[in-house]
Amino acid sequence: MLTAEENDILTRVGADRPMGRLMRRHWTPVCLSEELPEPDGAPLLVEVLGERLVAFRDTEGRIGLLDELCPHRRASLLLGRNEECGLRCLYHGWKMDVAGNVVAMSSEPEGSPLLSKVKHRAYPVHEAGGFVWAWLGDADEAPAFRAPGFASTPDARVSILKIRIPANWAQITEGQIDSAHSSSLHSSDMVPARVERAAADDKAWYRPSTDKSPRMQTQTTSYGFHYAAIRRPIRNAATHNYVRVTEYIAPYISLIPPNGSYKVASVIVPIDDETTAFHFIAWGDPATTPDTAEWRAFTHAVPGVDLEADWSPKRTMANRFGQDRALMKEGNFTGIAGIPNQDIAMWVSMGAIVDRTRDVLGASDLAIVEFRRLMVDAANTVAAGGGALGADDPNIAPGEIASFEGVIGKDVDWRDLSGGAASVAAQ
């Protein structure tokens, strides 16, 4: 458990809070590229780290990210006209380009010196891997952008679901790095099978183990930490282990152990202290990776069907997440359709910010303990004037960090399989 003070440090993301300052020292995924589908289209409200911004794709296809309120009289630019390479405020016609330059002031006399004196707050952005990434800290401290592993291969397919969740980012991240829960919560969708390694089809995921009580081992890294969940395999249990290695890349990304068809990742970004943008990603070879429509259908996260227009889930605590009790009596463990929806039910049921002073942790929670310790310490380091965990680490290159899963000999150290060195074949 944590103290109340430590829980506050872990969960609060405002610009004046230690965790918020740490997150602003990283490139932050602020929206999906698909949310800005066309030049001169409707501006998009971006809510991230407790701030309200507006994004737009200009006439030439460039993306701008500005503070939401016009610098003139503070009207919202979300209602503005996106035209001729700029976003024009409806109130008095002031117009800003993607760099925040005020390029027109319809209400001011021609030749007004005010035009050259005013500049609106604009944020550096990059598009990669289906996301728009922004630097939300001091502009003069922005490091060169480096694409994440799932965007480092140009020919890879990247399929993303997005869900707006009324819960704090930390309890969602804890869910993504918790391997032990999958053997219970997801047991009807992650099915033990006599397969050589984890597999997937359009109905379920399959694992070569019936073991519900993994042994956990963790190791701190320069970018966060990784851990192994070690289980007994169905075959060759006397000589082999079934090992799943998860990588946590602070502060936003978790690389989930893959299956034989595609890799899996999550990107978890605070909207504010009590709301989070959750992204679940399938990526890899286009021949075996589901496309976006297939991925969202498999996970029951289809906009308009499972999700509202703002990505909020239609399944809520009020309707018990669509839980089917008759299906549970027939053997389905949760009665909730879709792996992410099962997780969301747990995260939301805890309350917007879980009280970590009261939870009781066991041996299977070793990764949770490591995450809490690591991130509280990292936030305190930034607050004391130190560097941000994993920020601009010269030892990290796109694609070098890799999760792993497989049945391996008991004499093999899982630490030798991480960081892209996972070359030991499943047995």
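Start by selecting helix 1 (residues 4-11) and look at what its buried residues pack against: helix 2 (18-23), helix 4 (169-176) and helix 8 (366-383). The buried ones here are Asn7, Ile9, Leu10 and Thr11. "Buried" is under 20% relative accessible area, "exposed" is over 50%, and "partly exposed" sits in between (1.4 Å probe, protein chains only). Helices (H or I, at least four residues) and strands (E, at least two) are DSSP runs, numbered from the N terminus.

A quick word on what you are viewing: this is a predicted model, where local features need pLDDT of at least 70 and side-chain atom pairs count only at pLDDT 80 or more, while totals for chains, interfaces and linings use all residues. Residues are numbered from 1 along each chain as its sequence is written, and side-chain values use heavy atoms, leaving out hydrogens and water.

Next, colour the two domains: domain 1 is 31-141 and domain 2 is 157-416, with bounds that come from an automatic or database domain assignment. Their centres, taken over C-alpha atoms, are 35 Å apart. Where they meet, 13 residues of domain 1 are in contact with 15 residues of domain 2; contact means heavy atoms within 4.5 Å. Together the domains bury about 1000 Å², 63% of it on carbon and sulfur atoms. That area is the accessible area (1.4 Å probe) that two parts lose on being put together, summed over both.

Now pick proline 43, in the loop between strand 1 (27-32) and strand 2 (44-48). Is proline 43 buried or exposed? Buried, with a relative accessible area of 16%. Leaving aside residues up to four places away in sequence, proline 43 touches Val54, Ala55, Phe56, Leu77, Leu78, Gly80 and Leu87.

For another loop, jump to glycine 149, between strand 10 (131-135) and strand 11 (157-165). Glycine 149 is partly exposed, at 22% relative accessible area.

Helix 7 (339-349) is the next stop. Nine of its eleven residues are buried, so helix 7 is largely enclosed by the rest of the structure. Its cover includes strand 11, helix 4, strand 12 (190-192), strand 14 and strand 20. Just past the end of helix 7, glycine 351 has a positive phi of about 100 degrees.

On a 1 Å grid over the protein atoms alone, a cavity is a set of points where a 1.4 Å probe fits but cannot get out, and a pocket is an open set with protein on both sides within 12 Å along at least five of seven lines; lining residues have an atom within 4 Å of a point. Grid points are joined across faces, edges and corners, and a volume is the space filled by probe spheres set on the points.

Select Glu174, Gly175, Asp178, Met350 and Ile368: of the 18 residues lining the second largest pocket, these lie nearest its centre. That pocket has a volume of about 340 Å³.

By this rule there are four cavities of 30 Å³ or more. The second largest cavity has a volume of about 300 Å³, and of its 26 lining residues, Met190, Trp205, Arg207, Arg244 and Ile256 lie nearest the centre.
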